[in-house]
Amino acid sequence: MNDKKVAILQSNYITWKGYFDIINYVDEFIIYDDAQYTKRDWRNRNLIKSPQGLIWLTIPVITKGKQTQKINKTEISNTFWREKHWRTIKTNYSKAPYFSFYAPLFEEAYLNTEYEYLSDVNCHFIQMVNKCLGINTKISQSNQYRLEGNKTEKLVSICKQVGASQYLTGKSATNYLETELFKQEDIEVLWMDYSAYPEYSQLHPPFVHELSIIDLIFNEGENACSFMKSFNK
């Protein structure tokens, strides 16, 4: 059997470089948006830089109190955020070396793309950033597969359905992942190392790694991939 490396992660909004590193490392990336939506998390917000410091860009969503709410069932509450986010990005990155090159693509995505659900927005930006970075990994979504059992059992089930021999995940998963269940199915668990990323040319010092991928793209352009681990493996 040929080796097939798979990762399964929830979608985040214009998320950071480590997320796209995982995508590029694997043969198939499954967006796990059947999972529960979590408030004050990366699902609907991310960080960019300004001369005054870090800024949150947050998509307003409708939450339903203590009820279980899946990411792919989380509705966006209004459309005003699109113009606001793009205006904020343009204000703070207009002087970045590669902003003018990528601006038309991002402007189109923000101003002319209409989605009702958060997951659809996130997936759209993930696909768009993949094109910017030259990532050709197959992207699928968890609702295309049968989900059975507890949290780990669902991940193992997806891996089996796609024929995975290796499962790549972040080290935060050590808090819940039952690795023995993967071992029983001859699926090797691999751990993503997010440490020791090199610094790149960034506006408004001091340097910060934990920013949206757009910071790296606007500042380094076609050289962005050289600051990500998966392209230098």
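Let's start with Tyr93 and Phe218: both are buried, meaning under 20% relative accessible area with a 1.4 Å probe and protein chains only, whereas exposed is over 50% and partly exposed is in between. Before going on, please note that this is a predicted model, where local features need pLDDT of at least 70, side-chain atom pairs count only at pLDDT 80 or more, and totals for chains, interfaces and linings use all residues. Residues are numbered from 1 along each chain as its sequence is written, and side-chain values use heavy atoms, leaving out hydrogens and water.

Now, the aromatic rings. Rings of Phe, Tyr and Trp (its six-membered ring) pair if their centres lie within 6.5 Å; planes under 30 degrees apart are stacked, over 60 edge-to-face, and the rest tilted. How many aromatic pairs does this rule give? The count comes to 18. In one of them, the ring centres of Trp86 and Phe99 are 5.8 Å apart with planes at 15 degrees, so the pair is stacked. Trp86 sits in helix 2 (residues 80-93) and Phe99 in helix 3 (residues 99-111), so this pair ties together parts 13 residues apart in sequence. Helices here are DSSP runs of H or I with at least four residues, strands are runs of E with at least two, and both are numbered from the N terminus. Trp86 and Phe99 are both buried.

Back to our opening pair: the rings of Tyr93 and Phe218 have centres 5.5 Å apart and planes at 50 degrees, so they are tilted. Tyr93 belongs to helix 2 and Phe218 to helix 7 (residues 213-220), so the pair ties together parts 125 residues apart in sequence. Ring pairs also link a cluster that includes Tyr13, Trp81, Phe106 and Phe125.

Next, the core. A nonpolar core is a set of buried Ala, Val, Leu, Ile, Met, Phe, Trp, Tyr and Cys residues joined through side-chain atoms within 4.5 Å. Which members of the largest one touch the most others? Of its 73 residues, they are Ile89, Phe106, Leu133 and Phe218. Helix 4 (residues 118-133) gives the most to this core, with 9 residues. Taking Phe106, and not counting residues up to four places away in sequence, its contacts (heavy atoms within 4.5 Å) include Trp86, Phe125 and Phe218.
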